[in-house]
Amino acid sequence: MIERYSRPEMANRWNMEAKYQAWLDVELAVVKAWNRLGLIPDDVAQKIIDNAGFSVERIDEIEAITRHDLIAFTTSVSETLGEESRWVHYGMTSSDTIDTAVALQMRDSLKIIIEDVKTVMETIKRRAMEHKLTLMVGRSHGIHGEPITFGLVLAIWYDEMARHLENLEQTMEVICVGQVSGAMGNFAYAPLELEEYTCEELGLKPAPASNQVIQRDRYARLATSLALMASSIE
């Protein structure tokens with residue numbers, strides 16, 4: 001993000017620390033799910049939950065050698081653990097971690113935007129009532145037309161923003177999905193319940209169907225919804 005134009009509450013959800021924290025949140029949710037399924041003993045799972053961490057600098061050092069971001073990340077996490085590190089990323093493929101983590105980042109970011117839209121709408125509504133009798137020139141084909149009120153202009157804007165709010169709330173449902181289905185999404189190394197328990201822990205829904213990745217039309221839906229809203233703001 002461009003620092004000059006980024007608010008801290010949004011930028012802090014997309015810096016490298018936040019990115020890897022989201023990855024770790026997913027990994028720990030999977031550990032809890034395996035524990036719930038009886039594979040990882042309680043004491044081992046608790047050790048991982050209590051002690052797992054990472055270093056952005058260390059990840060960069062490892063990635064310079066491995067040329068693989070997820071391997072660099074899991075190696076850094078493993079360095080903060082003992083033998084129990086063998087259970088980190090167990091039965092998963094890279095995109096299980098990365099795509100599910102991106103869903104967390106998108107969800108938390110969209111929550112901020114939705115609240116901002118509600119605030120803007122309240123402001124527009126208040127101004128519309130304030131100017132419901134404020135006369136102004138109406139325009140048609142670039143020339144003066146019948147007189148209208150500035151309140152009408154604002155009311156139309158409010159109605160448009162209301163559609164954007166509804167669209168953003170529907171988009172939230174589209175993007176809040178995760179996956180823990182392994183390479184190719186065929187559940188070859190993990191039961192279906194692992195994905196269900198993990199997503200439940202993270203507050204996401206399991207993707208109804210996915211392969212190596214969560215399908216990108218979900219990302220495009222978010223980008224499109226934001227672009228439409230931004231055009232109304234502009």
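These legends accompany several close-up views of a predicted model. Local features need pLDDT of at least 70 and side-chain atom pairs count only at pLDDT 80 or more, whereas totals for chains, interfaces and linings use all residues. Residues are numbered from 1 along each chain as its sequence is written, and side-chain values use heavy atoms, with hydrogens and water left out.

**View 1. Phe-73 and its ring partners.**
Welcome to the aromatic cluster, where ring pairs link Tyr-20, Trp-23, Phe-54 and Phe-73. A search of the whole structure finds 7 aromatic pairs; rings of Phe, Tyr and Trp (its six-membered ring) pair if their centres lie within 6.5 Å, and planes under 30 degrees apart count as stacked, over 60 as edge-to-face and the rest as tilted. Tyr-20 and Phe-73 are stacked, because their ring centres are 5.9 Å apart and their planes are at 15°. Tyr-20 lies in helix H2 (residues 16–37) and Phe-73 in helix H5 (residues 69–78), so this pair ties together parts that are 53 residues apart in sequence. Helices (H or I, at least four residues) and strands (E, at least two) are DSSP runs, numbered from the N terminus. Tyr-20 counts as buried at 1% relative accessibility, and Phe-73 counts as buried at 0%. Here buried means under 20% relative accessible area, exposed over 50%, and partly exposed in between (1.4 Å probe, protein chains only). The rings of Trp-23 and Phe-73 have their centres 5.3 Å apart and their planes at 85°, so that pair is edge-to-face. Trp-23 in helix H2 and Phe-73 in helix H5 also link distant parts of the chain, 50 residues apart, and both residues are buried.

**View 2. Helix H5 and its cover.**
Staying with the helix that holds Phe-73, we can look along its buried residues: Leu-70, Ala-72, Phe-73, Thr-74, Ser-76 and Val-77. What covers them includes H2, H4 and H6.

**View 3. The largest nonpolar core.**
A nonpolar core is a set of buried Ala, Val, Leu, Ile, Met, Phe, Trp, Tyr and Cys residues joined through side-chain atoms within 4.5 Å. The largest one has 58 residues, of which Ile-48, Phe-54, Phe-73, Val-77, Leu-110 and Val-117 touch the most other members. Elements giving two or more residues to this core include helix H3 (42–51), helix H4 (56–66), helix H7 (150–175), helix H8 (192–202) and helix H9 (217–233). Helix H6 gives the most, with 14 residues. For a closer look at one member, leave aside the neighbours of Leu-110 within four places in sequence: Leu-110 is then in contact (heavy atoms within 4.5 Å) with Leu-168, Thr-171, Met-172, Ile-175 and Leu-222.

**View 4. Arginines over aromatic rings.**
Two arginines are worth a visit here. Arg-36 lies over the face of Tyr-197, at 3.8 Å from the ring centre. Arg-86 lies over the face of Trp-87, at 4.3 Å from the ring centre. A charge sits over a ring if NZ of Lys or CZ of Arg is within 6 Å of the ring centre and within 35 degrees of the ring normal.

**View 5. Salt bridges.**
A search of the whole structure finds 12 salt bridges, each a side-chain nitrogen of Lys or Arg within 4 Å of a carboxyl oxygen of Asp or Glu. Arg-7, Glu-9 and Asp-116 are linked in a network, in which the closest N and O atoms of Glu-9 and Arg-7 are 3.3 Å apart. Glu-9 is partly exposed at 35% relative accessibility, and Arg-7 is partly exposed at 37%. Arg-107 bridges to Asp-108, with 3.1 Å between the closest N and O atoms; Arg-107 is buried at 14% relative accessibility, whereas Asp-108 is partly exposed at 27%. Glu-130 and Arg-127 meet at 2.8 Å, N to O. These two are 3 residues apart in helix H6, so about one helical turn separates them. Glu-130 counts as partly exposed at 46%, and Arg-127 counts as partly exposed at 40%.

Our last stop is a pair of strands. Strand S1 (residues 135–140) and strand S2 (residues 143–149) pair in the antiparallel sense over 5 bridges; two strands pair if DSSP finds at least two bridges between them. Leu-135 stands opposite Thr-149 in S2. The hairpin has 2 residues between the strands, and His-141 takes a positive phi near 55°.
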